Amino acid sequence: MSTQDNVTPDAESLAEAAKAATKKGGLPPVHLWDPPYCGDLDIRIARDGTWFYLGTPIGRQPLVKLFSTILKLEDGKYYLVTPVEKVGIQVEDAPFVAVDFMAEGQGDHQILTFETNVGDHVAAGAAHPIRVERDAETGEPAPYVMVRAGLEALIDRKSFYRLVDIGEHAAHEGRDWFGIRSGGGFFPVIPSAELA
């Protein structure tokens, strides 16, 4: 496998191409685009959701938001994609962070709508499941919610604590779990026995 080089497209030219491809009122159709791979660009998304370009945080939130609309996950690697080019970027954990949520309704009718650091709003449910990974050494939970097309948001700590406050115990796949309900689904967090 060959080493991939950084490419000549820079953040500004990529942003211009993304703006030109974006249709008013919606996300660009990145799932329909299959441009040639142009190499990697020195863009990194940190675990806290901060975007870096050439090692420096991108301070312009509208630019970060624009880039987030052309993000694509293919075969476990993240790319920024326009109709004419595809460049690889680094993502430390999840590409987005869920920074808040709103709960409406109760029980099976409860809907949790998450807001991400780039302004996406998603209602957790079958199309946007919540999952929790646990660190093998510390057991610390890392909760995620699906945003779109394989792209997840890490649920921030304050929001996760609020979720725990509204969680409940229920049977799931033959075991008792503590978990979260939203959009008619139950999303397990931790086996109930581990809370005893």
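**Basis.** I worked from a predicted model, in which local features need pLDDT of at least 70, side-chain atom pairs count only at pLDDT 80 or more, and totals for chains, interfaces and linings use all residues. Residues are numbered from 1 along each chain as its sequence is written, and side-chain values use heavy atoms, with hydrogens and water left out.

**Strand β12.** I took helices (H or I, at least four residues) and strands (E, at least two) as DSSP runs, numbered from the N terminus. I counted a residue as buried under 20% relative accessible area, exposed over 50% and partly exposed in between (1.4 Å probe, protein chains only). Five of the five residues of β12 (residues 151-155) are buried, so the strand is largely enclosed by the rest of the structure. I checked each face: Leu151, Ala153 and Ile155 are buried on one side, and Glu152 and Leu154 on the other.

**Partners of β12.** I called two strands paired if DSSP finds at least two bridges between them. Strand β7 (residues 96-104) pairs with β12 in the parallel sense over three bridges, and I found Phe96 opposite Ala153. Strand β11 (residues 141-148) runs antiparallel to β12, joined by four bridges, with Tyr144 opposite Leu154. In the hairpin of β11 and β12, two residues lie between the strands, and Ala149 takes a positive phi near 45 degrees.

**Ser192.** I located Ser192 in the segment after β15 (185-191). Ser192 is buried, with a relative accessible area of 14%. Leaving aside neighbours within four places in sequence, I found Ser192 in contact with His169, Asp176, Trp177 and Phe178, where contact means heavy atoms within 4.5 Å.
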